[in-house]
Amino acid sequence: MVSKRTDYLSWDEYFMAVALLSGLRSKDPSTQVGACVASAANKIIGVGYNGFPWGCSDDDLPWSREGEYLDTKYPYVCHAELNAVLNSTVRDLHDCRIYVALFPCNECGKVIIQSGIREIIYLSDKYKDTDSVRAAKLMFAKSGVRCRRFVPERASVLLSFL
Ligand SMILES: Nc1nc(=O)n([C@H]2C[C@H](O)[C@@H](COP(=O)(O)O)O2)cc1CO
Ligand SMILES: [Zn+2]
């Protein structure tokens, strides 16, 4: 009897890979973030990446990190998690989970909590010492949203067009 493949992607690997693939669409020169919302039945509900809002050309607004606030990307860019929630095919995300390349900020934290998402699976927590991430963690703890770091069991997933 022929046995099934054994090196197939786990659900966690699959959704995190979709999040990372989505992040490759980002035009941000310093940090590309992707996010993927998955349902309790393991269906993809929404994906997103960090970018400027509809109608705001990637070539007109600044991508700078430093300088006068209005001359940086920060007031304009939509975070990957916000886009993944807004792009979701259903409005009620109760019992869904979100896979994201970078731990959510406090603003996305509010969106995640209010959407009904119950679990966050993240890859990097590189801004863990910022007030934004501290505030997000406080809100997640109070509202019972679980957070866990994605622990990779393989270094990479290869996609080939050839
Ligand atoms: N969780 C997040 N999701 C996101 O989509 N972002 C976006 C906002 C910016 O476009 C970029 C961060 O830029 P930088 O400060 O590392 O150059 O990532 C940022 C965070 C961090 O909280
Ligand atoms: Zn955010």
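Reader: How far is an oxygen atom of ligand 1 from an N or O atom in the side chain of Asn50?

Author: The model is a predicted one, so the distance is computed from predicted coordinates. A polar contact needs a pair of N or O atoms within 3.5 Å. The pair formed by a ligand 1 oxygen and a side-chain N or O atom of Asn50 lies at 2.8 Å.

Reader: Which residue has a side-chain N or O atom 2.5 Å from an oxygen atom of ligand 1?

Author: Ser30, Thr31, Arg65 and Tyr127 are among the residues that come nearest to ligand 1. The side chain with an N or O atom 2.5 Å from a ligand 1 oxygen is that of Tyr74.

Reader: What share of the accessible area of ligand 1 does the protein cover?

Author: The reference is the area that ligand 1 has on its own, 500 Å². Of that area, the protein covers 95%.

Reader: How many nonpolar residues does the shell around ligand 1 have?

Author: There are 17 residues around ligand 1. By class, four of the shell are polar and four are charged. The nonpolar residues number nine.

Reader: Is Glu81 buried or exposed?

Author: An unreviewed UniProt entry gives Glu81 the annotation "active site". In the model, Glu81 is in helix H2. Its relative accessible area is 4%, and the cut-off for buried is under 20%. Glu81 is therefore buried.

Reader: Which side chain does Lys73 join in a polar contact of 2.9 Å?

Author: Lys73 is in the loop between S2 and H2. With a relative accessible area of 3%, Lys73 is buried. The polar contact joins the side chain of Lys73 to that of Asp28.

Reader: How many residues apart are Arg154 and Glu13?

Author: Arg154 and Glu13 form a salt bridge, with the closest N and O atoms 3.1 Å apart. Arg154 is in the segment after strand S5 (146–149), whereas Glu13 is in helix H1 (residues 11–23). The pair links distant parts of the chain, and the separation is 141 residues.

Reader: What is the N to O distance in the salt bridge of Asp58 and Lys27?

Author: Asp58 lies in the loop between strand S2 (44–49) and helix H2 (80–86), and Lys27 in the loop between H1 and strand S1 (34–38), 31 residues apart. Asp58 is partly exposed at 28% relative accessible area, and Lys27 is partly exposed at 36%. Their side chains meet with an N to O distance of 3.5 Å.

Reader: Is Arg5 buried or exposed?

Author: The side chains of Arg5 and Asp7 meet in a salt bridge of 3.2 Å, N to O. Asp7 is at 48% relative accessibility and counts as partly exposed. Arg5 has a relative accessible area of 54%, and the limit is over 50%, so Arg5 is exposed.

Reader: Which residues are joined into one network by salt bridges that share partners?

Author: The structure holds nine salt bridges. Some of them share partners, and these join three residues: Asp12, Glu119 and Arg148.

Reader: Where is Asp95, which has a positive phi of about 70°?

Author: Most residues other than glycine have a negative phi. Asp95 is not a glycine, yet its phi is positive, about 70°. Asp95 is exposed, with a relative accessible area of 53%. Its place is in the loop between H2 and strand S3 (97–102).

Reader: What is the phi of Asn42?

Author: Asn42 lies in the loop between S1 and S2. Asn42 is not a glycine, but its phi is positive, at about 60°.

Reader: How far apart are the end C-alpha atoms over residues 10–158?

Author: An unreviewed UniProt entry places the feature "domain: CMP/dCMP-type deaminase" at residues 10–158. Over this range the chain is 29% helix and 18% strand. The end C-alpha atoms are apart by 15 Å.

Note on methods. Residues are numbered from 1 along each chain as its sequence is written. Chains are lettered from A and ligands numbered from 1 in the order in which they are written. This is a predicted model: local features need pLDDT of at least 70, side-chain atom pairs count only at pLDDT 80 or more; totals for chains, interfaces and linings use all residues. Side-chain values use heavy atoms; hydrogens and water are left out. A salt bridge is a side-chain nitrogen of Lys or Arg within 4 Å of a carboxyl oxygen of Asp or Glu. Buried means under 20% relative accessible area, exposed over 50%, partly exposed in between (1.4 Å probe, protein chains only). Helices (H or I, at least four residues) and strands (E, at least two) are DSSP runs, numbered from the N terminus. A residue is near a molecule or strand if one of its heavy atoms lies within 4 Å of it. A polar contact is a pair of N or O atoms within 3.5 Å; within protein, one must be able to donate a hydrogen and the other to accept it, and residues adjacent in sequence count only if both atoms are side-chain atoms. Accessible areas come from the Shrake-Rupley method with a 1.4 Å probe; for residues, only the protein chains shown count as cover. Ala, Val, Leu, Ile, Met, Phe, Trp, Tyr, Cys and Pro count as nonpolar, Asp, Glu, Lys and Arg as charged, and the others, Gly among them, as polar. UniProt positions are given in the numbering used here, feature names are shortened, and annotations may be inferred rather than shown by experiment.
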